Amino acid sequence: MVDESQPTPGTVRPGGRTARVRAAVLRAAEDALVEHGFAGLDLGDIAQRAEVGRTTVYRRWGGTTALVADLLADMAEQSLPRTRSGSLTEDLRANARLVQRTLADPRQGALFRAVIVAASCDAGAAEALRRFYAVRVAEWAPCVAEAVERGELPVGTDPAEVVRAVSAPLYYRMFTTADPLDEAAADRAAAAAEAAARAGAFRS
């Protein structure tokens, strides 16, 4: 029987010392993911990196999947908010450049690659990754909804689909080519998504 008085591993958001422990462990988990990938994650190693007791880590997270889920939740919380330029072109370009900077960053890019690989082989990690992107898409979708209201896009345009279309070419480029992931690539991705949206490609 599940004790509902105890929190699910990886879902606690306390303050004080416990918050400091969580921050240290999540930072250590990031380091381990960047260095070794999901397959190389070990809670004992992460506890040592964070300079906390093993029992603390095992008791709170229980396993690597819950730890990755908590890390993704923290990343979503810390992500930059969307811009509000009042222009669909500028908003989509800002979104694309934010994704580009993240994926091109040596640390953040490696971290995302590791998490995406984890999601391909672990159902719990996959669900955590879906929740992360749901949060990020929901953050940026209003810029598309506002463009519909202004008459820039056809009525019935699906905002989430447009936002996903901005990011998709950048992830594809990261995983399938050795070409630089630069601002020019980001701007092309934003322009392509905008053109398709204006043509009605994302109408429900």
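Q: How many residues are in the largest nonpolar core, and which of them touch the most other members?

A: The general idea is that nonpolar side chains in soluble globular proteins tend to be buried together. In this predicted model, the largest nonpolar core has 63 residues, and V25 and I46 are the members that touch the most others. Helix α7 gives the most to this core, contributing eleven residues. Setting aside residues up to four places away in sequence, V25 touches I46, A50, V52, V57, W61 and L67.

Q: Is L103 buried or exposed, and with which residues is L103 in contact once its neighbours within four places in sequence are left aside?

A: L103 is found in helix α5, and with a relative accessible area of 4% the residue is buried, because the cut-off for that class is under 20%. Leaving aside neighbours within four places in sequence, L103 is in contact with G109, F112, R113, L170, Y171, M174 and L181. For M174, the C-alpha atoms of the two residues are separated by 7.5 Å, although L103 and M174 are 71 residues apart along the chain.

Q: How many aromatic pairs does the structure hold, and what is the geometry of the rings of Y133 and Y171?

A: An aromatic pair is read from two values, the distance between ring centres and the angle between ring planes, and planes over 60 degrees apart count as edge-to-face. The structure holds three aromatic pairs. In the pair of Y133 and Y171, the ring centres are 5.9 Å apart and the planes stand at 85°, so this pair is edge-to-face. Y133 lies in helix α7 (residues 123–149) and Y171 in helix α8 (residues 159–176), so the pair ties together parts that are 38 residues apart in sequence. The two tyrosines fall into separate accessibility classes: Y133 is partly exposed, with a relative accessible area of 23%, whereas Y171 is buried, with a value of 17%. Beyond the pair itself, Y133 and Y171 form one aromatic cluster together with F112 and F132.

Q: What span should helix α9 have, and where do its buried residues fall when seen down the axis?

A: The general idea is that an α-helix has 3.6 residues a turn, so residues three or four places apart point the same way. Helix α9 (residues 183–198) has 16 residues, which at 1.5 Å a residue should span 22 Å, and its end C-alpha atoms are 22 Å apart, in agreement with that expectation. The buried residues of α9 are A185, A186, A189, A190, A193, E194 and A197. Seen down the axis of α9, these buried residues fall within an arc of 170°, so they line one face of the helix. They pack against α5 (88–104) and α8. Just after α9, G200 takes a positive phi of about 90°.

Q: How many salt bridges does the structure hold, and which residue forms a salt bridge with D70?

A: The general idea is that side chains of opposite charge can pair when their charged atoms come close. The structure holds 18 salt bridges. One of them joins D70 to R22, with the closest N and O atoms 3.0 Å apart. This pair links distant parts of the chain, since D70 is in helix α4 (residues 64–78) and R22 in helix α1 (residues 16–36), 48 residues apart. Both D70 and R22 are buried.

Q: Which residue forms a salt bridge with E30, and which residues are linked in a network of salt bridges?

A: E30 forms a salt bridge with R107, the closest N and O atoms being 2.9 Å apart. That pair links E30 in helix α1 with R107 in helix α6 (residues 106–121), 77 residues apart. E30 counts as buried at 12% relative accessibility, while R107 is partly exposed, with a relative accessible area of 22%. The side chain of R107 also meets that of D31 in a salt bridge, at 2.7 Å from N to O, and here helices α6 and α1 are linked by residues 76 apart. D31 is partly exposed, with a relative accessible area of 22%. Elsewhere, E90, R93, R97, E183 and D187 are linked in a network of salt bridges.

Conventions. Residues numbered from 1 in each chain as written. Predicted model: local features only at pLDDT ≥ 70, side-chain atom pairs only at ≥ 80, totals over all residues. Heavy atoms only, no water. Phe/Tyr/Trp six-rings, centres within 6.5 Å; stacked < 30°, edge-to-face > 60°. Helix = DSSP H or I, 4+ residues; strand = E, 2+ residues; numbered from the N terminus. Buried < 20%, exposed > 50% of the residue type's maximum accessible area, 1.4 Å probe, protein only. Core = buried A, V, L, I, M, F, W, Y, C linked by side-chain atoms within 4.5 Å. Contact = heavy atoms within 4.5 Å. Expected span 1.5 Å × (residues − 1). Arc of directions from axis to C-beta. Salt bridge = Lys/Arg side-chain N within 4 Å of Asp/Glu carboxyl O.
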